[in-house]
Amino acid sequence: MVKEVDNTTPNVGENITFTINLTNDGPNDATNVDVKDLLPDGLTYVSDTTSEGSYDEETGTWDVGTVENGDTETLTITATVTSAAAIENIAQVTASDQFDPDSTPNNNEPEEDDQDNATVTPLPVIPSPGVRTPGFWQNKKWQKFWDGIEGNEPSQAGQPDFPDGDLFYPPYTNSEEPGKVLDPVTGEYQTGILIGDYNRNGKTDENESTIFYTTDEALDIIKASNKVQQDKRYTLGRSLNASWLNYLAGNPAPTDDITDGIQWLQTLTPDEDGDGKGDGALEDLVTGIDSPPIAASSGFWNGGIDSPISSLPSPYDQNVGMEGALPLPAGNEIHGILDDYNNNGL
């Protein structure tokens, strides 16, 4: 048996998925096989899938049935993290009709091959400083509130009504270069924000959709004028950047909608690094990039983005890596959700 989890350092409130692969090494078929995997405290069941048999979330029993000689059966369990404490999730075979020469069912021996575990260490819960609207960061007086670099605190630091939580969002402490993130386009670590880097390790993991902006670029998007926002990507980008800063500040956030916003921009911005996904470059934000604007009258803004990618205008028809993310909601819909969050909280 092998047990794995897709994210070992989740945030409280995020969903994670455990995968159990149960292999019969023979020489006979195994019948009436049961596996026990009861979610411990700190995890709340969401859903499961099985390649064989059924799983009962109340008892934690996976009634596998028969595992033929040489076959592997799989159980996945998706759960929500509800505690910041480290969580160990154990699975073991509890029943089988056949004798197993190297393990005994239901004896709680972690060294045997019919038992395995996966441990997650959630990121610490940070006291929330309260929701901030884009206008909060647009005001130049407060720009340094969100750059995350120690020593850049404004003169208001330490004054009444200006708690430290407002001044320093949690830096990317898991990054190879703490406080910096890996720009997917240049391949270099820079000071900025990597929207979608939920585990805050400062780089884009296989299961993450991310967009990187330097702090100057993020501020330019947040303070975009109404004229600039005629390109509705700026309107969505403004809400998306503010939502991410609120998330980094420790506020509970609508992560699914943030991801929708990221993928909407990945679909409708140029692919700069050749991975088949747009990288967030907007007209007038990044020089030398062909990035046609998206107008308020656009179907993408009002109706959503549907397959196939090849039907999109150039150069966005080259973002073939986004095909699996489609369809996506209307940009205006995503913006509305994020804007409401930034103004009113979750």
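**Ground rules.** I'm working with a predicted model, where local features need pLDDT of at least 70 and side-chain atom pairs count only at pLDDT 80 or more, while totals for chains, interfaces and linings use all residues. Residues are numbered from 1 along each chain as its sequence is written, and side-chain values use heavy atoms, with hydrogens and water left out.

Asp-284 is exposed, with a relative accessible area of 75%. (Buried means under 20% relative accessible area, exposed over 50%, partly exposed in between, using a 1.4 Å probe and protein chains only.) Then I went to Asn-106, also not a glycine, and its phi is positive too, near 65°. Asn-106 sits in the loop between β8 and β9, and it is partly exposed at 46% relative accessible area.

**Cis bonds.** I looked up the peptide bond from Gly-26 to Pro-27: it is cis, with omega near 10°. Pro-27 belongs to the loop between β2 (15-23) and β3. The bond from Ser-314 to Pro-315 is cis as well, and its omega is near 5°. I found Pro-315 in the loop between α6 (299-302) and α7 (331-344).

Next I followed the strands. Two strands pair if DSSP finds at least two bridges between them. I traced 4 strands in an open sheet, in the order β1-β2-β7-β4, with antiparallel pairing. Its edge strands are β1 (2-5) and β4 (43-50), each pairing on one side only. On average, neighbouring strands here are turned by 20° against each other, direction ignored. (Axes are lines fitted to C-alpha atoms, for helices over the stretch in contact; angles run from 0 to 180 degrees between N-to-C directions.) Inside this sheet I checked β2 against β7 (residues 72-81) and found 9 bridges, antiparallel. Thr-17 stands opposite Thr-78 in β7.

**Around β8.** Which strand do 3 bridges join to β8? That is β3 (residues 30-36), running antiparallel to β8 (residues 87-95). Val-35 faces Val-93 in β8 as its opposite number. I also saw 6 bridges joining β8 to β9 (residues 115-120), again antiparallel. There, Gln-92 stands opposite Gln-115 in β9.

How values were computed:
Helix = DSSP H or I, 4+ residues; strand = E, 2+ residues; numbered from the N terminus.
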